[in-house]
Amino acid sequence: MTLIYIIAGEASGDVLGARLIAALRKARPDLAFAGIGGERMAEQGMQSLFPYRELALMGLLEVLPRIRQLKRRLAETEADIITRQPALLVTIDSPGFTLRIAEAVKPRGIRVMHYVAPQVWAWRPGRVKKLKQKIDDLLCLLPFEPDFFEAAGIPVSFVGHPVLESGVDQGDAARFRTRHGLAATDRPLIIMPGSRRIEATRLLPIFGATLRAVLPQNPGLRPVIPVSPIVAPLVREAAVTWPGRPILVEDIADKHDAFAAAAENGAGLIKSGTSSLEMAVAGVPHIVAYRVNPITAAIARRLIKVPHASLVNLLCGREVVPECIQENCAPEKLTAALLPLLQNPAFITAQRQGFAETLAKLSAPEGTPSEAAAAAVLAALP
């Protein structure tokens with residue numbers, strides 16, 4: 001059987017990998033899969049070489065204590081790929097790990113396709129030359145990326161953004177309100193502190209303080225916190241002290257129902273990242289926030305080449321979604337940015353116009369994003 005080796009290093013990559021496997025199996029039932037992934041890829045029948053959560057690290061201070069373990073996992077993964085000799089290696093996001101593997105195995109004759117372009121256009125454009133040496137093909141999610149990478153000589157396929165097939169816009173608001181006992185006047189405030197422990201640890205106290213400041217002016221507000229298994233214990237511990245009787249949501253369908261309810265009369269306080277695109281697809285007015293270690297922030301400021309942190313803002317070319325980053329990620333700043341979305345319909349209307357512009361640019365040229373990605377993978381097979 002033709003073997004495709006897939007590596008996903010975090011929860012979002014696990015979802016992409018699972019959808020890719022499903023789309024590939026539909027087109028080619030004879031394909032076999034191996035690699036590194038999580039629960040979603042396991043549901044598609046792929047056994048992971050080791051738990052992918054070991055790779056879900058970010059930030060210099062988080063990675064340094066794990067260097068030895070990561071080196072062992074790099075060597076273990078490289079050896080497994082060389083032994084199996086797959087027809088294609090598909091690395092998904094997590095460039096700190098996946099592109100090191102790509103660099104190691106590509107000289108051995110393994111064809112490498114990277115799924116989710118690293119944001120070198122935002123950080124250090126000159127690094128695109130190194131990327132060309134590590135991979136053979138690139139699958140891009142954003143419409144402006146192909147021109148950038150093709151100029152560097154990297155074969156690129158724009159496959160559309162997977163958020164469009166995530167189901168975030170298919171929730172049932174009435175079901176959510178019934179399940180959690182919300183009255184018609186209750187207003188869900190979606191709070192998303194991130195799926196990594198280090199993100200949640202930094203943002204949860206700030207988000208909690210923001211909630212305490214916003215709630216007296218909006219007495220019907222109910223905090224709703226979708227959580228991943230990795231950060232669920234941290235969120236539960238923090239939310240015990242929060243006002244407004246927080247609702248923790250762990251089921252994906254319940255999460256989408258929460259988004260639908262928030263789109264009716266609520267808002268979102270969201271960690272900057274793909275979550276902002278989820279809010280845009282679901283139609284939830286929101287602000288984004290982020291804070292990293294000061295050392296990491298100082299380095300990032302020297303490298304960042306784009307004017308916005310939010311992908312919604314980047315795609316629209318203006319600030320549609322308020323951004324509270326680093327020193328601006330403070331309760332008073334978040335409160336000032338969030339209140340207009342809870343009290344002024346004009347702000348909500350303006351955001352939703354920006355959402356429509358964003359989503360129009362994210363569709364795959366043909367089919368769903370997973371189908372487009374699968375087509376590109378199949379075209380790359382020998």
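**The interior of the chain**

Tutor: The largest nonpolar core has 64 residues, and those with the most contacts inside it are Ile4, Ile6, Leu20, Val90, Tyr115 and Ile190. A nonpolar core here is a set of buried Ala, Val, Leu, Ile, Met, Phe, Trp, Tyr and Cys residues joined through side-chain atoms within 4.5 Å, where buried means under 20% relative accessible area, exposed over 50%, and partly exposed in between, with a 1.4 Å probe and protein chains only. Leu20 touches Ile6, Val90, Tyr115, Ser370, Ala373, Ala374 and Val377, if residues up to four places away in sequence are not counted; contact means heavy atoms within 4.5 Å. Apart from that core lies another, of 32 residues, among them Leu204, Ala232, Val235 and Ala239.

Please keep in mind that this is a predicted model, in which local features need pLDDT of at least 70 and side-chain atom pairs count only at pLDDT 80 or more, while totals for chains, interfaces and linings use all residues. Residues are numbered from 1 along each chain as its sequence is written, and side-chain values use heavy atoms, with hydrogens and water left out.

His286 lies in strand 11, residues 286–290; helices (H or I, at least four residues) and strands (E, at least two) are DSSP runs, numbered from the N terminus. His286 is buried, with a relative accessible area of 0%. Leaving aside its neighbours within four places in sequence, His286 is in contact with Gly268, Ile270, Ser276, Met279, Ala280, Val321, Pro322, Leu341, Gln351 and Phe355. His286 and Ile191, although 95 residues apart in sequence, are 9.6 Å apart in space from C-alpha to C-alpha.

Two loop residues also deserve a look. Val116, in the loop between strand 4 (112–115) and helix 6 (128–134), counts as buried at 12% relative accessibility, and its phi is near 90°, a positive value in a residue other than glycine. Asp93, in the loop between strand 3 (88–92) and helix 5 (95–105), has a phi near 50°, which is again a positive value in a residue other than glycine.

For the chain as a whole, buried residues make up 55% of the 382 residues. Among contacts between residues at least 6 apart in sequence, 68% join residues at least 24 apart.
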